[in-house]
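Here are a few notes to read with the model open beside you. Take them one at a time and find each spot as you go.

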Amino acid sequence: MNLPAASRAAELSVPATAPLAAIDMGSNSFRLEIAHLPRGQYKRLEYLKETVRLGAGLDSEGMLTEAAMQRGLDCLRRFASRLEGFPAARVRAVATQTLREARNRNAFLARAKEALGYPIEVISGREEARLIFAGVARLQPSTMPRLVIDIGGRSTEMILGRGRKPITAESFQVGSVSLSLRFFPDGQFTAEAFRAAQVAAGAELEEAFALFKPSMWQEALGSSGTVGAVAQILAASGQTDGRITPEALRWCIERALEAGSMEQLNLPGLKEDRRAVVGGGLCILYTLLTQFGIPELLPAKGALRQGVIFDLVERLETESAGEGGTVLDMREASVAALQKRFSVDLAQAGRVQELALRLYKQLAPRASRALQRELAWAAALHEIGMMVSHHDHHRHSAYLLSHVDAAGFSQDQLRRLADLALGQRGGLRKLEAQMSDESLLWQLLSLRLAVIACHARGVTEPKALTLRRNGRQIVLNLPKALPDTQPRALYLLQEEAQAWARSEVLELQLSA
């Protein structure tokens with residue numbers, strides 16, 4: 001949703017006490033959290049949860065079934081009715097492992113966005129882990145080093161951090177839904193199935209031991225569904241006060257073996273919506289506690305959805321501060337980190353960024369600050385592919401941006417930056433489909449012209465080039481001295497005009 005600047009400003013001017021909403025589209029459940037932060041204190045206003053079992057709807061080809069998609073869409077429509085009237089800037093929806101895996105995710109996301117009425121971001125495993133830690137760290141603060149674990153339907157996140165800072169964050173493709181479907185497909189509990197499931201979970205998690213060994217943390221916390229469900233069983237059964245220990249987990253597994261099946265399992269505190277995935281969840285928990293030397297796992301107060309809200313607050317505060325304001329948005333730090341990691345020529349990136357933004361404001365004067373920042377990030381990172389090879393560096397840049405983990409960014413946002421990096425030079429046919437999005441079209445033209453104007457990698461005068469736009473007809477005004485002083489730049493600009501003419505997307509005219 002591309003909002004005019006005036007509308008965007010109106011949204012950002014909503015009082016800090018106005019509610020915010022986070023939607024967590026997990027593999028087992030969809031959750032909606034509505035909260036506000038009066039005087040910086042987190043206050044939940046409403047919480048809705050529905051068991052959707054989206055992760056159980058992936059077929060053998062990695063495609064979401066229509067039945068699973070329909071369950072998700074029905075849930076999102078109910079969430080939409082509760083969110084009616086919420087400004088788009090104060091709602092953030094994130095999707096996790098199932099939609100990272102699903103081959104037909106784009107088709108589902110198009111329908112899901114229509115059902116919900118708000119954009120949906122598919123986030124990487126590491127970004128999911130970062131947001132989980134953000135929720136836990138803010139709602140259960142501590143200065144000691146801690147290990148936070150979140151067992152989802154199709155992935156398990158592990159985070160080592162201190163205070164509000166995550167130090168190491170990883171995601172592993174094993175979850176309560178996927179493990180239950182694989183080793184307890186008919187709902188039968190056997191000792192052999194439990195052993196096999198624990199071996200499979202251990203094989204997936206084994207590589208994490210060096211990153212999260214016991215000497216690195218002083219307490220271990222478990223976030224979200226699986227940990228909460230098992231903690232409730234243990235407390236209701238009188239085994240513990242809710243803390244999870246290896247001995248208590250062995251007791252749970254013994255009860256499951258005695259029952260023989262999930263239908264016959266009758267444990268105090270076991271909710272019906274957890275029955276189908278409790279076997280896989282117990283196996284992952286037992287493997288984690290024994291393999292990582294965790295004496296006890298305490299249920300945490302925070303989770304992904306709260307982390308999303310805290311992150312959304314930082315984004316809103318950054319945008320409302322405007323240019324030159326205090327930077328809180330994690331994405332700014334990620335861009336700087338990527339520039340350092342890939343040895344970007346910062347002076348060149350700065351020249352291209354300044355000119356691209358100046359040209360973009362002439363082409364799209366009503367563009368939101370979010371779109372301006374997106375172009376700024378693309379310009380800042382357009383040459384990261386130089387680390388791989390100077391030849392076709394734009395293709396290397398696009399590949400890296402499509403596949404890198406960058407805190408704060410969704411996978412879709414990184415793909416958009418990758419499209420801009422890919423389109424910074426060369427033919428335009430490779431982005432023919434993407435250019436139907438007019439907001440990206442003007443970003444792309446601005447970036448390409450800036451790259452050409454800064455081609456010599458020297459000091460440039462940003463005000464030397466100006467643009468006039470009339471629909472899809474663009475006039476680029478050049479300095480009169482350009483043909484004599486910069487003939488190579490003129491040649492490249494003429495080539496650029498011809499490239500756009502061949503694309504038939506717009507007409508670029510050069511005027512001295």
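1. Helices (H or I, at least four residues) and strands (E, at least two) are DSSP runs, numbered from the N terminus. Also keep in mind that this is a predicted model, where local features need pLDDT of at least 70, side-chain atom pairs count only at pLDDT 80 or more, and totals for chains, interfaces and linings use all residues. Residues are numbered from 1 along each chain as its sequence is written, and side-chain values use heavy atoms, with hydrogens and water left out.

2. Start with helix H7 (residues 191-205) and H9, whose axes come within 10 Å and cross at roughly 140°. H7 and H9 are therefore oblique to each other (under 35 degrees counts as roughly parallel, over 145 as roughly antiparallel, 65 to 115 as roughly perpendicular, and the rest as oblique). On the H7 side the contact (heavy atoms within 4.5 Å) uses Ala191, Phe194 and Gln198, and on the H9 side Ile253, Ala256 and Leu257. Sorted by class, that contact has 5 nonpolar, 1 polar and no charged residues. Here Ala, Val, Leu, Ile, Met, Phe, Trp, Tyr, Cys and Pro count as nonpolar, Asp, Glu, Lys and Arg as charged, and the others, Gly among them, as polar.

3. Helix H9 (residues 246-259) also packs against H8, at an angle of about 85° and with the axes 11 Å apart. That makes H8 roughly perpendicular to H9. Look for Val230, Ile233, Leu234 and Ser237 of H8 touching Ala248, Leu249, Trp251 and Cys252 of H9. The tally for this contact is 7 nonpolar, 1 polar and no charged residues.

4. Now hop over to helix H14 (residues 369-381) and helix H17 (residues 438-453), which pack at about 40° with axes 11 Å apart. So H14 and H17 are oblique to each other. From H14, Leu371, Glu374, Leu375 and Ala379 meet Ser439, Gln443, Ser446 and Leu447 in H17. This contact has 4 nonpolar, 3 polar and 1 charged residues.

5. Next, the holes: how many cavities of 30 Å³ or more turn up in a search of the whole structure? The search finds 2. A cavity is a set of points on a 1 Å grid over the protein atoms alone where a 1.4 Å probe fits but cannot get out, and lining residues have an atom within 4 Å of a point. Grid points are joined across faces, edges and corners, and a volume is the space filled by probe spheres set on the points.

6. The largest cavity has a volume of about 210 Å³. Its lining has 22 residues, with Arg31, Asp150, Gly152, Gly153 and Ser224 nearest the centre. Strand S2 (29-36), helix H5 (125-139), strand S6 (146-151) and helix H8 (225-237) each give two or more residues to that lining. By class, the lining holds 3 nonpolar, 13 polar and 6 charged residues.

7. The second largest cavity has about 60 Å³ of space. Its lining residues include Ser176, Thr226, Leu270 and Arg274. H8 gives the most to this lining, with 4 residues. The lining divides into 6 nonpolar, 3 polar and 1 charged.

Definitions and conventions. 1 Å grid on protein atoms, 1.4 Å probe; cavity = no way out; pocket = protein on both sides within 12 Å on 5 of 7 lines; lining within 4 Å. Axes fitted to C-alpha atoms, helices over the stretch in contact; angles between N-to-C directions.
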